[in-house]
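Hi there,

I am passing a structure on to you, with some notes on what turned up in it. Please have a look at it first, and then read on.

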4 protein chains.
Amino acid sequence: MNKITILINCKDLPGIIASVTNFIVAQNGNIVYIDQHVDREQDIFFMRLESEFTNSNFSTETFKETFKDTLCGKFKMKWRIYSSETKPKMALFVSKYDHCLYDILSRYNSGELNLEIPFIISNHEKLKYIAKGFNIPFYYIPVNKNNKAEAEDKQLELLEAHNIDFIVLARYMQIVSNKLISKYPNKIINIHHSFLPAFVGAKPYHSAYKRGVKIIGATSHYATEELDAGPIIEQDVTRISHANSIEDLIAKGRDLEKIVLANAIKLHSNRKVMVFNNKTVIFS
Amino acid sequence: MNKITILINCKDLPGIIASVTNFIVAQNGNIVYIDQHVDREQDIFFMRLESEFTNSNFSTETFKETFKDTLCGKFKMKWRIYSSETKPKMALFVSKYDHCLYDILSRYNSGELNLEIPFIISNHEKLKYIAKGFNIPFYYIPVNKNNKAEAEDKQLELLEAHNIDFIVLARYMQIVSNKLISKYPNKIINIHHSFLPAFVGAKPYHSAYKRGVKIIGATSHYATEELDAGPIIEQDVTRISHANSIEDLIAKGRDLEKIVLANAIKLHSNRKVMVFNNKTVIFS
Amino acid sequence: MNKITILINCKDLPGIIASVTNFIVAQNGNIVYIDQHVDREQDIFFMRLESEFTNSNFSTETFKETFKDTLCGKFKMKWRIYSSETKPKMALFVSKYDHCLYDILSRYNSGELNLEIPFIISNHEKLKYIAKGFNIPFYYIPVNKNNKAEAEDKQLELLEAHNIDFIVLARYMQIVSNKLISKYPNKIINIHHSFLPAFVGAKPYHSAYKRGVKIIGATSHYATEELDAGPIIEQDVTRISHANSIEDLIAKGRDLEKIVLANAIKLHSNRKVMVFNNKTVIFS
Amino acid sequence: MNKITILINCKDLPGIIASVTNFIVAQNGNIVYIDQHVDREQDIFFMRLESEFTNSNFSTETFKETFKDTLCGKFKMKWRIYSSETKPKMALFVSKYDHCLYDILSRYNSGELNLEIPFIISNHEKLKYIAKGFNIPFYYIPVNKNNKAEAEDKQLELLEAHNIDFIVLARYMQIVSNKLISKYPNKIINIHHSFLPAFVGAKPYHSAYKRGVKIIGATSHYATEELDAGPIIEQDVTRISHANSIEDLIAKGRDLEKIVLANAIKLHSNRKVMVFNNKTVIFS
């Protein structure tokens with residue numbers, strides 16, 4: 001049996017849902033999941049659909065072609081079609097903090113994540129031993145102000161050689177360049193250690209402490225050219241009090257960062273996220 | 001323009017979604033919302049669909065008939081169809097606590113609720129002045145161990161005279177009879193002041209205090225024959241500590257009860273709840 | 001029996017706690033609550049202490065004098081001492097939104113709040129009927145760009161005539177002047193409908209919608225000269241999704257605003273808040 | 001400098017706080033933290049106090065003796081006194097689930113936990129490789145219905161040989177015996193995968209799914225003779241919906257279990273928990 005996931009968006013028009021569901025039936029598919037959203041401000045239609053095909057000669061490629069010819073032109077759809085056979089390939093970028101790395105790798109090891117991690121890239125050697133413990137290749141690519149372009153070329157080479165589908169910046173403390181972002185649009189997931197848009201930039205826990213907020217948060221978003229301003233995938237928060245020091249905020253924040261980033265990775269790798277106009281539609 | 005909401009459930013079979021969406025198109029409707037759920041344990045399909053009809057001669061009754069003839073038999077569907085023209089009518093049962101009553105009536109007054117409240121019934125006169133302040137008829141029907149059946153007949157008479165669609169027990173401190181429950185199946189919304197199934201029955205805040213839990217909750221559910229065991233519509237919780245007295249728990253609980261009951265009322269009156277096998281499906 | 005609440009802050013020095021507890025014992029008091037906090041960044045000591053005095057000739061005024069003479073000079077303390085006999089007097093400022101007003105007045109009516117509300121001031125007549133329903137004097141003081149100073153003089157006159165202790169801006173849609181703020185420093189409680197410091201200023205729900213956040217919040221803080229930048233007393237948040245319209249955000253936000261403002265009022269009126277350097281210490 | 005933490009409880013009597021604070025001053029100590037709680041139902045006083053001593057000839061043992069002689073008899077106190085010099089020693093019991101083990105060991109490795117882990121005990125060999133990766137001794141002690149007493153003797157031998165202070169059952173799927181519990185009263189921390197007291201016993205996620213709750217939880221408590229009925233240290237919850245399968249609940253629950261257990265471990269190892277009458281007092 002083949003399982004296909006379809007994600008589409010287009011201008012909202014009457015008849016889209018019926019046209020798509022009819023198309024699936026005509027292809028002998030059984031719809032097992034359908035969800036849709038209409039952005040009334042922008043008049044945009046979004047849909048996510050999962051369908052199963054039991055015919056033995058089913059081909060994902062043929063299905064894509066037929067879908068494109070039959071429907072996409074008619075409704076001027078933007079579309080993505082995935083087969084459940086192929087797991088997405090995720091590259092992990094880390095630096096010196098180990099909590100998100102440990103969290104992701106232990107989930108990966110437990111079979112919780114529907115993806116492959118061909119390698120880890122870091123600008124420091126500090127966490128190499130963790131990668132080794134989990135048997136994942138670790139590439140040490142140091143970055144300084146003189147070698148940025150060169151370092152990035154090495155990164156790109158690795159990403160392309162392994163057909164990487166998306167990148168996760170697991171507290172990678174470097175700003176990635178527009179070149180990398182433009183090659184992986186809405187495919188670079190960052191974790192920012194604040195409840196965005198509050199406390200953009202460096203040292204958000206210090207800023208939160210100084211402002212005296214009663215709740216802190218973490219935000220996972222796609223990296224865009226503007227720092228910490230990309231489409232938000234997931235956020236979570238936790239209570240703090242006057243009694244908490246900056247160190248306490250950092251410690252509590254680590255738990256938020258781990259959970260929020262892990263949830264964003266799951267949503268992305270399960271193809272449940274659509275991006276439009278710097279906002280996300282998150283299907284359940 | 002007519003707006004129709006359709007709720008169906010039936011055994012899960014291939015082709016249901018396509019059949020329903022085709023039917024809507026054939027009736028010249030535009031689907032503006034579709035959501036579905038399959039209960040894999042029980043193999044049951046659930047769907048909620050909103051559709052708009054702009055043809056001037058559209059009739060909700062004719063639509064219902066056609067829907068029934070065309071689809072319901074084929075898939076052995078259980079179905080409900082609502083027109084957005086008619087607001088549901090809700091009867092409020094209260095006793096001595098005023099917090100849920102104030103909360104519901106102030107929301108009602110602000111236009112936040114999509115429903116009508118023809119009257120309030122109480123077994124005490126204590127809250128009559130609040131009903132008066134909001135200009136809602138208030139019926140005082142005292143209940144004691146000798147007049148239960150008689151009191152209930154008066155209640156039923158009022159409910160039927162006003163074509164009440166559903167009942168809300170806003171901290172109504174009496175157990176409603178099976179007679180009433182069987183006349184309004186999955187149409188009597190209760191608020192229980194605990195995180196069910198913990199602390200069933202009377203004085204849940206006292207039990208929570210005694211057990212030393214760190215979180216308390218409130219649960220809104222449909223009344224069924226078995227006490228506090230009906231399908232859960234909505235729950236919420238809040239943190240407590242050893243420093244909180246039983247009075248503190250009761251005070252914090254009041255805020256939970258208000259919010260949870262208000263949310264359950266909104267979900268029910270917006271026809272977003274389906275019940276199957278003592279569990280709810282809550283559409284977004 | 002007299003119950004006294006003491007709030008102090010001063011530079012952190014050895015021996016403060018022992019000196020204060022000894023002083024209470026010497027005055028024949030029994031300490032029933034003590035909590036303290038040291039701000040290590042600024043080296044400031046904070047304490048809240050409740051003590052009971054059963055001697056029949058106890059006088060709060062004499063106690064204050066003795067406390068001041070014995071301890072305050074020695075440790076250069078800032079101090080406030082309250083008797084549980086006197087309830088704080090709170091003035092309510094409202095405009096056109098009724099949800100916080102209904103919420104506060106129904107809590108007040110239920111005996112949940114340890115305070116008195118001598119009157120309500122509004123720049124619109126719209127909510128007068130609610131004040132009337134709760135039997136609270138309502139003063140309509142219209143404000144426009146030409147009469148601001150004059151309107152404020154009327155407000156100040158009322159505040160002084162009733163010996164008001166603190167002011168609550170329950171979605172009062174006007175910016176209060178520095179004159180008023182300087183007369184009631186850390187005594188004007190505002191509710192801002194966002195998770196500050198995100199979305200300062202007007203229309204925060206619109207900004208939250210536009211940014212695509214997954215969580216919205218509300219913040220209660222003391223009004224200061226700089227808009228929405230005063231010491232934060234309480235915050236709370238709730239989840240939203242792409243499916244929520246701006247109207248949904250506003251409706252969900254109303255529930256947050258009510259709870260957050262009510263909690264801030266309770267903390268302030270129970271003398272559990274201290275302010276230092278634009279941050280609050282909130283005692284339990 | 002020596003830092004001492006004192007935990008006491010006794011019948012509530014006037015003058016306790018002053019007596020203790022005076023005692024500290026007389027010993028040339030500086031109180032840096034004091035918190036207290038009075039259980040009004042049972043009339044019991046609880047206090048936690050941290051004090052610093054700079055005199056070079058300070059001895060924790062002498063301090064304990066003097067404290068005992070001077071105060072404990074007078075107020076019939078139950079007391080515990082700890083020096084910050086000694087880290088508590090924690091034994092980890094695991095079975096087949098790895099998520100709590102990974103979580104605890106990665107926190108331990110990052111220096112987040114104020115404790116030592118001399119060894120891990122398991123009734124399965126499955127997780128041995130993880131212990132090895134973190135360089136912690138791993139003892140495989142199989143348990144079956146015929147060797148229970150013998151297995152337990154081996155466990156006790158290890159616990160005593162290493163002077164273990166407390167035990168953490170990190171999803172250890174065996175019921176520990178009363179013998180072990182009585183040797184480590186309020187020193188065996190368990191994580192139960194439900195919001196207790198709901199869903200006691202085996203397979204709580206299955207029960208939660210069947211009941212149709214909208215929120216699931218996890219509870220960390222001290223093991224007592226009665227199963228899942230010991231004093232609760234920490235709880236947390238997360239929202240679920242009808243769309244979540246049992247597998248989803250288990251996956252979401254893993255994240256709850258990790259956080260709740262880690263928080264309970266931190267509270268216990270930082271000596272912030274007191275137990276009285278099967279309830280905990282948790283100091284901040």
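Below are my notes on the two interfaces, starting with the one between the chains.

Please keep in mind that this is a predicted model.

**Chain B against chain A**

Chain B and chain A each bring 17 residues to their contact. Together they bury about 1300 Å², and carbon and sulfur atoms account for 52% of that area.

In terms of secondary structure, α1 (16-26) and β2 (29-39) of chain B each supply at least two residues of the side that touches chain A. The largest share comes from β2(B), with 8 residues. Sorted by class, this side of chain B has 10 nonpolar, 5 polar and 2 charged residues.

**Inside chain A**

Chain A is divided into two parts, domain 1 (2-83) and domain 2 (90-282). Their C-alpha centres lie 31 Å apart. Where they touch, domain 1 of chain A gives 13 residues and domain 2 of chain A gives 8.

The area buried between these two domains is about 1000 Å², with 63% of it from carbon and sulfur atoms. On the domain 1 side, A:Q42, A:F46 and A:R48 lose the most area to domain 2, together 41% of what that side buries.

How many salt bridges and polar contacts link the two domains of chain A? The number of salt bridges is 0, and there are 4 residue pairs in polar contact, both residues at pLDDT 80 or more.

Three strands of chain A, β1 (2-11), β3 (44-53) and β4 (78-83), are the elements that give two or more residues to the side of domain 1 that touches domain 2. By class, that side of domain 1 divides into 6 nonpolar, 5 polar and 2 charged residues.

Best wishes

Note on methods:
Residues are numbered from 1 along each chain as its sequence is written. Chains are lettered from A and ligands numbered from 1 in the order in which they are written. This is a predicted model: local features need pLDDT of at least 70, side-chain atom pairs count only at pLDDT 80 or more; totals for chains, interfaces and linings use all residues. Side-chain values use heavy atoms; hydrogens and water are left out. Contact means heavy atoms within 4.5 Å. Buried area is the accessible area (1.4 Å probe) that two parts lose on being put together, summed over both. Helices (H or I, at least four residues) and strands (E, at least two) are DSSP runs, numbered from the N terminus. Ala, Val, Leu, Ile, Met, Phe, Trp, Tyr, Cys and Pro count as nonpolar, Asp, Glu, Lys and Arg as charged, and the others, Gly among them, as polar. Domain bounds come from an automatic or database domain assignment. A salt bridge is a side-chain nitrogen of Lys or Arg within 4 Å of a carboxyl oxygen of Asp or Glu. A polar contact is a pair of N or O atoms within 3.5 Å; within protein, one must be able to donate a hydrogen and the other to accept it, and residues adjacent in sequence count only if both atoms are side-chain atoms.
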